[in-house]
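Please open the model in your viewer and keep the sequence panel beside it. The tour below goes from one selection to the next and says what is there at each stop.

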Amino acid sequence: MTAVDALDARILRLMLEQPRTSAREYARILGVARGTLQARIDRLERNGVITGSGPRLSPAALGHPVLAFVHIEVTQGHLDEVGDALAQVPEIIEAFSITGGGDLMTRVVARDNVHLEDVIQRLIRMPAVVRTRTEVALRERVPHRMLPLVEAVGREAPR
């Protein structure tokens with residue numbers, strides 16, 4: 001079952017394309033009552049479809065242009081402990097439990113390669129971290145995006 005219907009998909013598309021527009025204007029554009037729109041948005045938030053509304057920030061513009069993916073192998077039974085420790089490292093902007101080679105994959109930003117090495121050394125010194133493997137991103141080929149997914153879900157949604 002699809003989490004959203006066609007109207008929900010149209011609302012999400014507007015929110016992605018025009019994030020600073022008011023709910024009143026969204027309702028006008030969509031041709032629905034303001035209360036209907038707000039009820040839909042509230043439901044999408046409750047259901048976890050909409051997870052935030054803050055600005056998207058650029059690590060590069062914040063002085064951290066180097067992006068790396070660091071895979072971390074953890075001693076069995078210590079995944080939560082290491083996850084908590086990773087949350088204390090500001091340069092780690094995402095961390096995921098994964099399958100395959102390693103236990104965790106982190107997205108790390110740094111000021112330069114020397115700073116990246118310092119961050120990696122901090123990770124290596126964490127208790128229960130067995131080893132790390134780092135891959136430095138050269139260029140972003142597909143920026144983070146949700147609109148194509150929303151459009152696909154909207155096409156599949158009941159009308």
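Contact, as the word is used on this tour, means heavy atoms within 4.5 Å. The model is a predicted one, in which local features need pLDDT of at least 70 and side-chain atom pairs count only at pLDDT 80 or more, while totals for chains, interfaces and linings use all residues. Residues are numbered from 1 along each chain as its sequence is written, and side-chain values use heavy atoms, with hydrogens and water left out.

**The whole chain**

Along the principal axes, the C-alpha atoms fill a box of roughly 55 × 35 × 25 Å. The radius of gyration is 20 Å, whereas a compact globule of 159 residues would have one near 15 Å; the radius is taken over C-alpha atoms, and the globule rule is 2.2 Å times the number of residues to the power 0.38. Of the 159 residues, 29% are buried, where buried means under 20% relative accessible area, exposed over 50%, and partly exposed in between (1.4 Å probe, protein chains only). Among contacts between residues at least 6 apart in sequence, 70% join residues at least 24 apart.

**Strand β3 and its partners**

Select residues 104-110 next, which form strand β3. Five of the seven residues in β3 are buried, and the strand is thus described as mostly covered.

The hairpin of β2 and β3 has six residues between the strands, and in it G100 takes a positive phi near 90°.

**T106 and E94**

Which residues surround T106, once neighbours within four places in sequence are left aside? Select T106 in strand β3 and display its contacts, which are A68, F69, V70, I72, L86, I92, E94 and A95. T106 counts as buried because its relative accessibility is 1%.

Move on to E94 in strand β2, which touches M105, T106 and R107 when residues up to four places away in sequence are not counted. E94 counts as partly exposed because its relative accessibility is 32%. For a sense of scale, draw a distance from the C-alpha atom of E94 to that of T21, 73 residues apart along the chain, and the separation is 29 Å.

**A128**

Finish at A128, in the loop between α5 (113-124) and β4 (129-136). A128 has a positive phi of about 80° although it is not a glycine. Most residues other than glycine have a negative phi. A128 is also buried, because its relative accessible area is 16%.

Key:
Pairing = 2+ DSSP bridges. Helix = DSSP H or I, 4+ residues; strand = E, 2+ residues; numbered from the N terminus.
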